[in-house]
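Have the model open while you read.

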Amino acid sequence: MAFIRATGKHRRASRPVRTTRNVAGIATLAAGGVVASVASPALAATDEARLHDTGLQQAVVLGDELANRVEAQADAQQADAEAAAARAKAEAVAKKQADEAKRRAEAAKKKAKAAHEAKVRAARDAERKRLNAFVAPIGDSYVSTAYKASSGLWSSGSHTGIDFHAASGTSVHAVGSGTVVEAGWGGSYGNNIVIKMNDGTYTQYGHLSSLGVSVGQQVTPGQQIGLSGATGNVTGPHLHFEARTGADYGSDIDPIAYLRGHGVNV
């Protein structure tokens with residue numbers, strides 16, 4: 001009696017499935033160190049077996065190629081990642097250096113600005129001191145006639161200023177900052193100059209041989225305003241110096257106390 005195989009059952013596995021199974025088998029054998037062939041009628045050297053062996057070899061080769069490609073891709077990705085990390089590190093270092101250079105430049109700029117401002121302030125302070133300072137009207141001299149000295153030489157009967165010893169032609173200086181309010185002939189004072197000082201007081205310089213300033217001119221401490229001489233009511237060349245509270249005659253104050261009160265030792 002003949003047996004008929006049912007449709008769809010006991011059919012041989014498709015080629016891809018066979019290949020997968022054979023690859024798994026080869027891997028198992030290789031892992032177990034089996035190198036000899038197992039005798040079995042199913043593994044006889046038939047054409048079908050040789051075809052199966054060829055498929056397994058192709059699968060192994062393809063697997064190796066795929067593994068190599070994956071490994072190469074992984075190496076390339078790692079190299080790209082390392083290169084990106086190196087670039088990021090270099091950029092971070094460059095940015096840090098740029099920031100540090102900028103910080104140093106700004107610090108240097110601030111320091112230079114502060115130094116410049118300090119220099120300007122110092123110059124301004126020095127100029128302010130200079131303008132507010134007082135000096136003697138004659139350098140390297142001494143008082144030859146004191147304030148309020150009595151003599152018939154003066155109409156008031158006493159000396160309204162002080163006389164500084166000076167040869168004719170000696171430089172005469174403004175004792176401080178102010179404005180010239182008189183420059184010319186002053187009767188018994190001869191050629192004289194009157195300056196309204198910045199503090200509101202007045203100073204007078206008499207018996208000059210020549211004048212170096214004019215009315216309305218601003219003067220500063222130590223500025224030459226004329227030369228000493230012997231013009232007017234005198235017995236010899238000298239400088240007559242007066243300090244006053246006002247512009248008019250008779251408002252005189254002690255010139256020595258005036259100068260010393262402004263830091264001038266005479």
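Let's start with Glu100, which is partly exposed at 30% relative accessibility; buried means under 20% relative accessible area, exposed over 50%, and partly exposed in between, using a 1.4 Å probe and protein chains only. Bear in mind that this is a predicted model, where local features need pLDDT of at least 70 and side-chain atom pairs count only at pLDDT 80 or more, while totals for chains, interfaces and linings use all residues. Residues are numbered from 1 along each chain as its sequence is written, and side-chain values use heavy atoms, with hydrogens and water left out.

- Side chains of opposite charge can pair when their charged atoms come close.
- The structure has seven salt bridges, each being a side-chain nitrogen of Lys or Arg within 4 Å of a carboxyl oxygen of Asp or Glu.
- Glu100 pairs with Arg103 in one of these salt bridges, at 2.5 Å from N to O.
- Both Glu100 and Arg103 sit in helix H2, three residues apart, which is about one turn of the helix. Helices (H or I, at least four residues) and strands (E, at least two) are DSSP runs, numbered from the N terminus.
- Arg103 is partly exposed too, with 46% relative accessibility.
- Lys95 and Asp99 are about one helical turn from each other because they lie four residues apart in helix H2, which covers residues 47–132.
- Lys95 is exposed at 53% relative accessibility, whereas Asp99 is partly exposed at 40%.

**A buried salt bridge**

- Arg244 and Glu242 form a salt bridge, and their closest N and O atoms are 3.1 Å apart.
- Are these two partners buried or exposed? Arg244 is buried at 5% relative accessibility, and Glu242 is buried with a relative accessible area of 0%.

- Thr201 lies in the loop between strand E5 (191–197) and strand E6 (202–211).
- Thr201 counts as buried, at 15% relative accessibility.
- The side chain of Thr201 makes a polar contact of 2.6 Å with the side chain of Asp199. That term covers a pair of N or O atoms within 3.5 Å; within protein, one must be able to donate a hydrogen and the other to accept it, and residues adjacent in sequence count only if both atoms are side-chain atoms.
- Another polar contact, at 2.7 Å, runs from the side chain of Thr201 to that of Tyr258.
- Leaving aside residues up to four places away in sequence, Thr201 touches Ile195, Lys196, Arg244 and Tyr258, where contact means heavy atoms within 4.5 Å.
- Arg244 in that list is also the salt-bridge partner of Glu242.

**Positive phi values**

- Most residues other than glycine have a negative phi, and most peptide bonds are trans.
- Asp140 is not a glycine, yet its phi is positive, at about 50 degrees.
- Asp140 belongs to the loop between H2 and strand E1 (143–145), and Asp140 is exposed with a relative accessible area of 89%.
- His207 is a residue other than glycine with a positive phi, near 70 degrees.
- Where is His207 found? His207 is in strand E6, and His207 is buried with a relative accessible area of 4%.
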